[in-house]
Structures are given as C-alpha cells and as structure tokens.
Amino acid sequence: MPKQYQWLSTVKFQDPRTLTYLGSPSILRLPDGALLATHDYFGRGCPLNHVGEEHLTSVYRSEDDGHSWWNVTHISGAFWSGLFLHRGAVYLLGTSAQYGDIVIRRSDDGGFTWTHPKDDSSGLLFRGGHYHDPPNYHCAPVPVLFSSGRIYRAFEDCDPLIWGKGFRAFVISADEDADLLDARTWRMTNKLPYDPEAYPPDFGAIGRDAYGWLEGNMVEAPDGTLWDILRFNSVPVLNKAAMVRVVDEGTRVEFDPETGFIDLPGGLSKFTIRRDPVGGRYWMLSNDMQDFPVPIRRNRLSLFSSADLRAWEKHATLMVDDHEKTPEDSVRNTGFQYVDWQFDGDDIIYLVRTAYDGAHNFHDSNRIVCAKVEGFRKLVGEREVSG
C-alpha cells in the first residue's frame with residue numbers, strides 16, 4: 001500500500017483452528033499519548049458465560065503510535081463495546097454479553113484497571129432479559145456524541161429475537177456533568193421498530209420481510225438536529241442507510257420514511273461516522289459496494305466525507321485484498337470490516353476486524369489490525385486514490 005495508507009501492525013492474531021474469532025474493535029488516543037484498543041471474541045470456540053453467551057473483551061496499549069501492542073488485561077462481561085474519553089477518564093460502553101445488559105465501565109489509569117458494573121450505582125445501566133428473553137440489547141462500537149451538555153449513544157433491542165427485522169432502534173443519553181456509572185442519570189428513548197410497509201418503492205418487494213436497521217451512529221447535523229444514522233439491512237438493495245431523528249434532548253426518536261432513507265456507500269455493513277472538529281466536515285470509513293453485484297462485500301475498506309450527511313464523496317480505497325484470488329474467492333474469504341477510528345491530529349487512526357490470509361471466510365475474522373490515513377483533510381477535492 002502507498003505510505004499514505006499504512007497498515008501499521010497486527011494487534012491480535014487468532015488461529016482459525018481455535019474456532020474463535022475477533023470482533024468489535026475500538027481505538028482511542030489517551031491523554032498521555034498512548035493508544036488504547038479493545039476487541040471481543042465470538043464463534044463456537046470462544047469463551048462463554050454461565051448462560052452460553054459470548055462476553056469477553058481484551059484490552060491493549062501501544063506507546064509507539066500503533067506500531068506495536070501489548071495485552072493489558074481482559075474484561076469479563078463486556079461485549080460489542082466501544083471506548084470513549086470524558087474528563088480524563090476512559091469509559092467502555094456496550095453490553096454485558098451478546099444480547100445482554102447495557103453496561104458502562106470507567107478506567108482512571110489508562111486502561112489497566114476498570115470498574116465493575118455489579119448494580120445500578122456502578123455501571124449496570126439497563127438490565128436485559130434472561131438469556132434470549134427481551135429486552136435483548138444490541139449495539140456495536142459506535143461513536144458517542146457530545147452535544148449541548150449531554151452524551152448520546154445508539155443501541156438496539158432485538159425483540160423479537162430475529163436478526164434483521166427484530167431490531168428496534170433507540171438512544172440513551174446522560175448529562176455530561178453526571179456520574180456516568182449511576183443508572184439514574186441515564187435516560188432511554190422509545191424503541192422504534194422498522195416498519196416493513198414503509199420501505200421506499202424503488203427497493204422492490206424482494207427481501208423486504210428481512211429488512212431492518214442496526215448499529216446506529218449518533219451525529220449532529222449542521223443545523224444542530226441530532227440523528228441516529230443506522231446500517232440498513234436491505235439485501236438485495238445496496239448502499240442505503242436510515243436516518244432516525246433524536247428529539248427533546250434524548251427523550252424520543254422518530255422516523256419519516258419519506259425523507260429518512262438515504263444513499264450511503266457501504267450502508268449494508270457496519271460503518272463509522274465522525275464530525276471533524278476542524279471545519280465540521282463528516283468523515284466515514286465503510287465497505288462500499290460500487291462495482292461488484294453481490295449482497296455482502298467486505299473485502300474493500302474506503303474513506304468518504306460529506307458536508308451534510310446526505311451526499312457522500314469517496315476519497316480513497318484504504319484496504320483491498322492483495323492475494324491472487326478470483327473476485328468471487330476474495331469476496332468469500334477476505335473482510336476489512338467493523339472499523340472503528342479516531343481523528344488523530346492531521347491523521348486518522350483506525351482499527352479493523354480483519355479476515356485475511358487463512359481465515360475461514362470473510363466474516364470469521366482472524367486479525368485485529370491497526371492502520372493510519374496521513375493528512376486526510378488534503379484529500380478533499382482531490383481525485384480518488386486507491387491503495
């Protein structure tokens with residue numbers, strides 16, 4: 001790859017023979033200059049909790065800008081979780097297990113030790129149902145939004161527990177000045193199911209019973225309105241997303257099917273959107289599906305930006321399969337997916353759940369890799385560059 005798009009290091013390799021796979025990457029630059037990274041484990045061979053669900057997260061630090069990493073600790077009871085920084089402390093927010101409770105942890109020492117969410121005063125924010133009884137809380141390592149003194153984060157409740165059409169979108173929020181480990185400081189919106197009768201006419205009828213939304217990104221639009229922009233499972237239609245509006249300081253979410261569906265490159269897979277504090281432009285890393293007509297295509301990771309969240313411009317292909325494979329084999333066996341990233345000065349640093357060089361398939365990832373885009377703002381207005 002060109003220098004501009006560096007694969008810096010492999011944070012974690014997992015031999016596929018273990019039947020354990022690596023998911024939910026999250027990355028954060030700490031105040032002391034170190035990088036912190038987390039991921040969880042899934043698959044038939046991975047560690048399970050007392051009810052048979054995936055639940056383990058590992059934590060890593062790098063003190064050489066992502067070129068090398070060491071495992072700091074493991075956290076039991078953390079899944080689909082993302083890192084964020086608030087007033088000098090590091091937080092990890094997600095679920096306790098696959099379809100578990102909503103939980104938050106705090107570290108005051110750069111990720112070496114963490115609080116434990118044992119009750120509603122120590123980080124157990126919203127209790128899920130037993131095993132697969134509702135509520136079945138779901139999310140991904142998606143951005144936390146700070147807006148007008150509140151902290152917002154998107155989640156879903158899969159009820160009924162049917163992947164795709166069972167997901168109900170909602171948002172939780174808290175006052176920035178509150179004790180974030182105290183469940184009483186958090187509020188939850190209504191839970192909004194996808195209405196299969198509201199799909200756009202140009203989608204056609206094929207597959208609409210399986211349509212659904214998930215893995216939402218909280219963002220603030222240029223006019224100050226708040227949105228949960230959700231991945232939209234719309235096979236065989238590609239590159240769509242849904243914009244759910246968050247209103248009344250996080251007390252309610254609503255959706256207008258006339259305006260809420262947008263064209264979004266890579267909207268069929270998990271994407272991550274953040275707003276640049278310099279200039280206010282929105283940037284996104286996603287698995288765009290421009291030129292290969294298959295339902296799932298995660299063997300290309302690309303960089304996009306937008307001025308208004310609705311019209312997106314591609315700037316670069318960051319990761320592609322460089323093995324000698326047919327296009328069909330590459331789609332089946334390679335994945336650069338579930339990316340999490342942060343602005344890092346003039347650069348973007350990102351962490352990728354990667355199925356590459358020996359993985360069982362594109363989904364069952366055998367690596368977590370760290371990479372960087374140097375001088376990303378210079379790409380605006382330039383011709384697309386492929387790595």
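How do the residues lining the largest pocket divide into nonpolar, polar and charged? There are 18 nonpolar, three polar and seven charged ones, where Ala, Val, Leu, Ile, Met, Phe, Trp, Tyr, Cys and Pro count as nonpolar, Asp, Glu, Lys and Arg as charged, and the others, Gly among them, as polar.

A few ground rules before going on. This is a predicted model, with local features needing pLDDT of at least 70 and side-chain atom pairs counting only at pLDDT 80 or more, while totals for chains, interfaces and linings use all residues. Residues are numbered from 1 along each chain as its sequence is written, and side-chain values use heavy atoms, with hydrogens and water left out.

**Pockets**

On a 1 Å grid over the protein atoms alone, a pocket is an open set of points where a 1.4 Å probe fits, with protein on both sides within 12 Å along at least five of seven lines; lining residues have an atom within 4 Å of a point. Grid points are joined across faces, edges and corners, and a volume is the space filled by probe spheres set on the points. Here are the two pockets.

| Largest | about 610 Å³ | Val144, Arg274, Arg275, Gln342, Phe343 |

Strands (E, at least two residues) are DSSP runs, numbered from the N terminus. Those giving two or more residues to the lining of the largest pocket include E2 (21-29), E16 (212-220) and E25 (335-344). For the second largest pocket, the elements doing so are E2, E3 (35-42), E6 and E17 (226-233). By class, its lining has twelve nonpolar, eight polar and six charged residues.

**Cores**

A nonpolar core is a set of buried Ala, Val, Leu, Ile, Met, Phe, Trp, Tyr and Cys residues joined through side-chain atoms within 4.5 Å. Buried means under 20% relative accessible area, exposed over 50%, partly exposed in between, with a 1.4 Å probe and protein chains only. The largest core has 28 residues, and Trp186 is among those with the most contacts inside it. Strands E6 (79-86), E7 (89-95), E8 (102-107), E9 (124-126), E12 (150-158) and E13 (167-175) each supply at least two residues, and E13 gives the most, with four. Not counting residues up to four places away in sequence, Trp186 touches Leu93, Ile104, Leu125 and Ile172, among others; contact means heavy atoms within 4.5 Å. A second, separate core has 21 residues, including Tyr194, Phe232, Val244 and Phe261.

**Around E18**

E18 (residues 240-247) is mostly covered, with seven of its eight residues buried. Two strands pair if DSSP finds at least two bridges between them. E18 runs antiparallel to E17 over six bridges, with Met243 as the bridge partner of Ile229. In their hairpin, which has six residues between the strands, Asn239 takes a positive phi near 60°. E18 is also joined by three bridges to antiparallel E19 (residues 252-254), where Arg245 stands opposite Glu254. That hairpin has four residues between the strands, and Asp248 takes a positive phi near 55°. Three antiparallel bridges pair E18 with E20 (residues 261-263), and Ala242 stands opposite Phe261.

**Gly345**

Gly345 is found in the loop between E25 and E26 (347-355). Is Gly345 buried or exposed? Gly345 is exposed, because its relative accessible area is 53%. Leaving aside neighbours within four places in sequence, Gly345 is in contact with Phe376 and Arg377.
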